[in-house]
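Please look at the model displayed here, together with its sequence, before reading on.

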Amino acid sequence: MASASPHSPDPDSGAPRHFPVVVVGAGPAGLTVGNILRAASVECLVLESETREFIEQRPRAGVLEEWAMRGLQRRGLADRLLERAQVHSECEFRFAGERYRFGYSELTGHHHFVYPQPLLVTDLVREYADVRGGDIRFGVREVRLHGLDTDRPSVSYTRPETGRRDVVHADFVAGCDGARGVTRASLPPERVHVSRHDYGIGWLALLAEAPPSNDCVVFGIHPDGFAGHMVRSPEVTRYYLECPPGDDPDNWPHERVWAELRQRLAAAGAPPLTEGRLIEKRVLDMHNYVVEPMRFGRLFLAGDAAHLAAPIAAKGMNLALRDAFLLGDGLAAYVTKGETGGLNRYSEACLGRVWDYQEFSPWLCEVYHGTSSGDPYRAGTTRARLRRVFGSPAAATAFAEQYLGKDSAL
Ligand code: RFL
């Protein structure tokens, strides 16, 4: 624990404590909400099931949209990001043995920022716990939510050190515990609607201890299956390979991975792939979902807890940050000034953008996978989409706007 609320009893006394906000989950969403609240001098408690070391190293996303970076910057959360992130302005499609550069910054004036998620989480934890004096408990077990539709909800959890069960009272609970958390599961099924889309494909997600093999992101569209090359850092590169859903990563030994990557990313004049040890190899279950509304009583869901976007268009962390900006600002305005507007509008304000990105994801997924589907009709429509993006300035600009994410002043 980093600090105790001055208004609460001794945390070890066993007496229930009260926080205006309890945040479940210390990912990008939960830590951003916590940081916004601490900047407004609102007491909050963040509960995280993993250790600090674990969350600071968990590899995942890497691409931040420009509005998300600016939103972090406005809240004093982007100093290290701005020093260390790579700024990208192009991506590359490879198909039929050719390379096609797509300069999205030239079309829109906006960029992508490449900053690995573990670095962002490290920055956010440091700022929340060490700089802004926020209260955070790592390694908690069996988190349970109670009385969400009352004015006095509470959260109980088991402390890792003692095995003791603690109860904290709250005015609000922020459910930021990701796709496998408990907060979404606490919603009464009859009060929410969950929409789901399964892509029917798998992706082998790889991290290679190797420098990038190209100066930008590459999408390899190939009859044998999609392959992706994602820049992460000068030492580590993320790759993806389309595979059957539910495939076993053990079916993909080092030699097979690199042979498939070379084959699917091949194009005239392309630099050779720089191979390296594979430090992560997992098969992703490619699906999306959206929970509506994102609020139930005193519980507000944010990030992957509320909506999932398979990493096809690199949107998940960006959406998690957008929710967190809206929720953090809404909670701070309510607790410090009694303003209810932000919280009342929260779910609707988030869901517009969520559905916008959800719509783009299957569209792009079809561009990646139509050629390898074995269906000549889907392969034909994929070629038509690519021809349009590279042949029509209007289509190129529309694609660039969706790929980069809409600009917004959050
Ligand atoms: P997170 O990051 O999953 O954080 C949730 C936190 O809650 C904790 N937790 C609990 N804590 C207490 N009690 C419980 N019962 C709990 N259950 C879970 C977890 O340990 C964790 O610390 O959710 P958040 O904050 O909503 O952030 C979402 C993003 O992490 C996610 O959308 C992105 O990683 C998705 N994603 C990408 N998004 C992008 O915007 N750009 C990308 O380039 C990108 N690449 C990716 C990705 C996701 C990937 N995977 C692993 C699916 C690449 C990959 C491979």
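The model is a predicted one, in which local features need pLDDT of at least 70 and side-chain atom pairs count only at pLDDT 80 or more, while totals for chains, interfaces and linings use all residues. Residues are numbered from 1 along each chain as its sequence is written, and side-chain values use heavy atoms, with hydrogens and water left out.

Where the domains meet, 14 residues of domain 1 are in contact (heavy atoms within 4.5 Å) with 13 residues of domain 2. The area buried between them, that is, the accessible area (1.4 Å probe) that the two parts lose on being put together, summed over both, is about 1,100 Å², and carbon and sulfur atoms give 49% of that area. On the side of domain 1, Pro59, Pro311 and Ile312 lose the most area to domain 2, together 40% of what that side buries. Between the two domains there are 6 residue pairs in polar contact, both residues at pLDDT 80 or more; a polar contact is a pair of N or O atoms within 3.5 Å, where within protein one must be able to donate a hydrogen and the other to accept it, and residues adjacent in sequence count only if both atoms are side-chain atoms.

The largest nonpolar core has 77 residues, and Leu72, Leu81 and Leu327 have the most contacts inside it. Such a core is a set of buried Ala, Val, Leu, Ile, Met, Phe, Trp, Tyr and Cys residues joined through side-chain atoms within 4.5 Å, where buried means under 20% relative accessible area, exposed over 50% and partly exposed in between (1.4 Å probe, protein chains only). A second, separate core of 32 residues includes Tyr199, Ala310, Phe360 and Tyr403.

Tyr199 counts as buried because its relative accessibility is 13%. Leaving aside neighbours within four places in sequence, the residues in contact with Tyr199 include Met286, Ala310, Ile312 and Cys365. The side chain of Tyr199 also makes a polar contact with the side chain of Asn288, at 2.9 Å. By contrast, 34 Å separate the C-alpha atoms of Tyr199 and Asp329, which are 130 residues apart along the chain.
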